[in-house]
Amino acid sequence: MGGKGAMMVAILCLWALSATTEAVVTEDEPGLMMNFYSDTCPQAEDIIREQVKLLYKRHKNTAFSWLRNIFHDCAVESCDASLLLDSTRRELGEKEHDRSFGLRNFRYIEEIKEALERECPGVVSCSDILVLSAREGIEAVGGPHIPLKTGRRDGRKSRTDMLESYLPDHNESMSVVLEKFKSIGIDTPGLVALLGSHSVGRTHCVKLVHRLYPEVDPSLNPDHVPHMLHKCPDSIPDPKAVQYVRNDRGTPMVLDNNYYRNILDNKGLLLVDHQLAHDKRTRPIVKKMAKDQAYFFKEFTRAIQILSENNPLTGSKGEIRKQCNLANKLH
């Protein structure tokens with residue numbers, strides 16, 4: 001082989017080796033896994049669990065906040081704790097958007113973060129805190145234990161301009177709601193199960209008055225209407241006032257399948273609840289979950305796992321925030 005031929009072979013070999021090495025590095029980039037912090041912060045999940053329990057003892061409604069957080073963060077393009085970022089002079093934070101109405105208790109996320117920073121500074125991401133606190137909140141209100149992977153890293157910017165594209169509104173058609181969930185990999189049983197989170201917590205009158213005024217929605221159970229009118233006496237409620245209706249009057253603090261029995265009985269508060277019980281695509285699943293709580297929990301577990309693994313930042317992407325409400329300063 002001539003000198004030029006030998007040189008070309010050598011170059012090709014080096015190129016192939018370089019390409020192979022690059023591929024190996026990419027493949028070796030760590031992703032989500034069970035017990036991601038077992039070496040770097042072995043107590044991480046225990047600390048989050050204990051903090052959530054302590055907060056729940058003091059403030060029962062924190063459990064509902066953790067559950068809403070995972071949906072509002074992970075459903076919007078990436079599970080990266082963008083929800084937790086404060087507004088800046090240039091950008092409105094996601095938590096200030098109309099679609100985030102009623103979200104609260106963010107300061108308690110900071111308490112969990114501070115406890116972790118004392119144990120393992122700069123190790124545990126806010127996105128993992130958000131996901132794991134949701135898991136513990138679900139258990140606190142009687143839901144199933146959900147095995148969740150960790151290893152997420154935090155994004156640096158809010159995704160406020162994307163909220164309406166990803167988050168379904170309570171007044172949208174079931175076709176739109178199904179499509180938005182499908183776009184992040186959640187099928188119809190998963191959607192029905194996730195809406196079962198309406199079994200706990202409460203709905204502000206702002207979201208309900210269109211079903212009560214100027215005329216009562218005839219699809220509402222007439223036995224339930226007096227209670228709703230009593231709780232929401234104003235046709236234009238003050239968004240800052242404490243005016244709300246419990247999602248489930250029977251077991252308001254328990255995540256259970258009573259929600260499905262309620263909506264089949266036309267006691268769902270939101271239009272999406274009513275549609276879920278009566279749309280031909282979802283009604284059979286609603287009826288099955290109303291009869292079988294184990295089935296509800298199985299599909300709920302699966303849906304939360306899919307949601308929590310939606311397009312996370314891992315490996316060298318993103319960062320580990322020092323404070324969950326602020327992106328790190330770049331020097």
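User: Hi! What sort of model is this, and how are residues numbered?

Analyst: It is a predicted model, where local features need pLDDT of at least 70, side-chain atom pairs count only at pLDDT 80 or more, and totals for chains, interfaces and linings use all residues. Residues are numbered from 1 along each chain as its sequence is written, and side-chain values use heavy atoms, with hydrogens and water left out.

User: Great. How much space lies in the largest pocket?

Analyst: About 1,100 Å³. A pocket here is an open set of points on a 1 Å grid over the protein atoms alone, where a 1.4 Å probe fits, with protein on both sides within 12 Å along at least five of seven lines; lining residues have an atom within 4 Å of a point. The volume is the space filled by probe spheres set on the points, which are joined across faces, edges and corners.

User: How does the lining of the largest pocket split by class?

Analyst: There are 20 nonpolar, 11 polar and seven charged residues. Ala, Val, Leu, Ile, Met, Phe, Trp, Tyr, Cys and Pro count as nonpolar, Asp, Glu, Lys and Arg as charged, and the others, Gly among them, as polar.

User: What about the second largest pocket, what lines it?

Analyst: That pocket holds about 190 Å³ of space. Its lining includes Leu-85, Asp-86, Glu-91, Arg-156, Lys-157 and Asn-325. By class, the lining has three nonpolar, four polar and four charged residues.

User: Switching topic: how many disulfides does a search of the whole structure find?

Analyst: Four, taking a disulfide as a pair of cysteine sulfur atoms within 2.5 Å. With the bonded cysteines numbered in sequence order, the pairing is 1-4, 2-3, 5-8, 6-7.

User: Let's take Cys-41 and Cys-120. How far apart are their sulfur atoms?

Analyst: They are 2.0 Å apart. This disulfide is right-handed because the torsion about its S-S bond is about 80°. Cys-41 sits in the loop between α1 (3-28) and α2 (44-58), and Cys-120 in the loop between α4 (106-119) and α5 (126-140), so the pair ties together parts that are 79 residues apart in sequence.

User: Are those two buried or exposed?

Analyst: Cys-41 is buried at 1% relative accessibility, and Cys-120 is buried at 8%. Buried means under 20% relative accessible area, exposed over 50%, and partly exposed in between (1.4 Å probe, protein chains only).

User: And where are Cys-126 and Cys-324?

Analyst: The sulfur atoms of Cys-126 and Cys-324 are 2.2 Å apart. Cys-126 is in helix α5 and Cys-324 in the segment after α13 (293-308), 198 residues apart.

User: Why is the disulfide of Cys-205 and Cys-232 left-handed?

Analyst: Because the torsion about its S-S bond is about -80°. Cys-205 lies in the loop between β1 and α9 (225-231), and Cys-232 in the loop between α9 and β2 (244-246), 27 residues apart. Cys-205 is buried at 0%, and Cys-232 is buried at 1%.

Technical notes. Helix = DSSP H or I, 4+ residues; strand = E, 2+ residues; numbered from the N terminus.
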